[in-house]
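The entries follow in the order in which I went through them.

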Amino acid sequence: MVNQNLTATEIGFTHEDFAALLDKYDYHFSPGDVVPGTVFSIEPRGALIDIGAKTAAYIPIQEMSINRVDAPEEVLQSNETREFFILTDENEDGQLTLSIRRIEYMRAWERVRQLQAEDATVRSGVFATNRGGALVRIEGLRGFIPGSHISTRKPKEELVGEDLPLKFLEVDEERNRLVLSHRRALVERKMNRLEVGEVVIGTVRGIKPYGAFIDIGGVSGLLHISEISHEHIDTPHSVFNVNDEVKVMIIDLDAERGRISLSTKQLEPEPGDMIKNRDLVYDKAEEMAAKYREQLLAKQQGATAAAAAPAEALAEEEVPPAVELDEEVPPAAELQEEIPPAAELAEEVPPAAELQEEIPPAAELAEEVLPAAELQEVTVVAEIEKEIPAATETEEQIPAAIEE
C-alpha cells in the first residue's frame, strides 16, 4: 500500500514543476490564428473545444456558422475535429474564445470575389425587402439588390421567396458591401438571343424627358429622344403614351452595363414618318431594318479593309522582290574588279628608296641649321651694331675741340 504521507521532497515533483512543464510544452495562441481543435463537450449555448491549450477553449452558438443556428448540434458533433478561428485572447480564467463563422466569412468573400472576376451569374432567393430594394444571401453573405436593378412586374413585397438570377455590381469586403443586379442578369440572358439590327416588339413602360423605356421580353431598353424620328421632337410624350405597343430596332447591346439601345428613326421610310404615319413605319420596319443591316455590314467591311490596306502597302514597299535584291547586290566578279589587285597597290605606294631621296639626309639639314652657339653670337653682334653708331656718325655730331 502506498504511503499517503509522502512529502514533496520524497516524490521529487512539485506543483511548480508541473506548471513549469506545462509552460514548456504549451502553444502560444493569438487572436486571428486558425487552429485545429476537437469537440469534447457540447453546452446548451456553445461548446468546449480542445486546441492543446491549458484550458479548453469555448465557442458560443452565435459563432458557429455564418447562417442562423438554433442549436449547437446543428453544426458540431462530439469528438469532431475541425478548424477554428481564435476570436479573442484568454479571459481571466485563461480561456480562449473561438469562431467558425469568421472562417466561413473569409472564405465566402474570397469566393464572391472569384465569381465577380469570372462575371458569373448566380441565383438566390429573396428573404426580405425594404424601401430601397431586396435582400438575398450569396455564399452565406447578405447581398442587396437596389430597386433600380430589379426587373419584374411584381411589387417588391411579393418577391420574398422568389429565386432570382443575379450579376455582381460591387464586392467590397472592407465596407461589407455586396451589391447585385437582377436587371443585368436578365439583360445578359436576353442579349444572348438578340442582335443589333433586329426588330422587336415592346411596350412603353416609362417616359422621361430624354426618352422612353421599352419593355422587350422582360428587359428594358431605352429609346432615346434623338432616335425617335429624323425630325425634331420636343418631348417623347408627344409621340408615345405609357403602355403603347411599339415596334423598335436594336441599335446597340452593352452587356457590361446591361443596356439596350433602341431606335424607330432608323425604321422611317421618309424623315418624319414616325410622327406623321406611324403605321407605315411599322409596316416597313423589317424592310428598313434589312437595309440598315446591309449598311452596317458594308461599313464594318470598309473599316476592316481600310485598316488592312496600309499594312499590306507598307509590307510591299518595305520588302522588294528577290529579282530587285539580286540587281542591287553585284556579283562577286564585279566586286573583285572594283578592288585593285595587290600589284596595283604596290605601284601607287613608292618604294622606300624613293622616299629616302625626297627626304634630305641629316648632313644637309645640319648645314642649313646653325648650331645654338653660332646663333647666339650672330644675334648679339647684330644687336650691338644697331645700338652703337658708327665712328663717322659720332664725329659729325660732336665738333672737334680745336674748332671750339
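**Strand pairing and the barrel**

I began with E13 and E15, which pair in the parallel sense over 2 bridges; two strands pair if DSSP finds at least two bridges between them, and strands (E, at least two residues) and helices (H or I, at least four) are DSSP runs numbered from the N terminus. The model I am reading is predicted, so that local features need pLDDT of at least 70 and side-chain atom pairs count only at pLDDT 80 or more, while totals for chains, interfaces and linings use all residues. Residues are numbered from 1 along each chain as its sequence is written, and side-chain values use heavy atoms, with hydrogens and water left out.

In E15 I found leucine 262 opposite leucine 223, and isoleucine 260 of E15 opposite leucine 253. E14 and E15 pair in the antiparallel sense over 5 bridges, and their hairpin has 4 residues between the strands, with glycine 258 taking a positive phi near 70°. I then looked up strand E11 (residues 199-208), which runs antiparallel to strand E12 (residues 211-216) and is joined to it by 5 bridges; valine 204 has isoleucine 214 in E12 as its bridge partner.

How do the 5 strands close into a barrel, and in which order? I noted the order E11-E12-E13-E15-E14, with mixed pairing. On average, neighbouring strands of this sheet are turned by 50° against each other, direction ignored. Axes here are lines fitted to C-alpha atoms, for helices over the stretch in contact, and angles run from 0 to 180 degrees between N-to-C directions. Helix H4 (residues 182-191) lies across E12, strand E13 (219-224), strand E14 (245-254) and strand E15 (259-263), and it runs at about 60° to E15, where contact means heavy atoms within 4.5 Å.

**Helix H3 and the residue after it**

H3 has 17 residues and spans 24 Å from its first C-alpha to its last, close to the 24 Å expected at 1.5 Å a residue, the expected span being 1.5 Å times one less than the number of residues. Ile103, Ala108, Trp109, Val112 and Leu115 are buried in H3; buried means under 20% relative accessible area, exposed over 50% and partly exposed in between (1.4 Å probe, protein chains only).

Just after H3, aspartate 119 has a positive phi of about 55°, although aspartate 119 is not a glycine. I placed aspartate 119 in the loop between H3 and strand E6 (122-129), and with a relative accessible area of 40% it is partly exposed.

**Aromatic rings**

I looked up the aromatic pairs and found 2 in the structure. Tyrosine 105 and tryptophan 109 have ring centres 6.2 Å apart and planes at 75°, so this pair is edge-to-face; rings of Phe, Tyr and Trp (its six-membered ring) pair if their centres lie within 6.5 Å, and planes under 30 degrees apart count as stacked, over 60 as edge-to-face and the rest as tilted. Tyrosine 105 and tryptophan 109 are 4 residues apart in helix H3 (residues 101-117), so about one helical turn separates them. Tyrosine 105 is partly exposed at 23% relative accessibility, whereas tryptophan 109 is buried at 1%.

Tyrosine 210 and phenylalanine 213 form an edge-to-face aromatic pair, 6.1 Å centre to centre with 90° between the planes.
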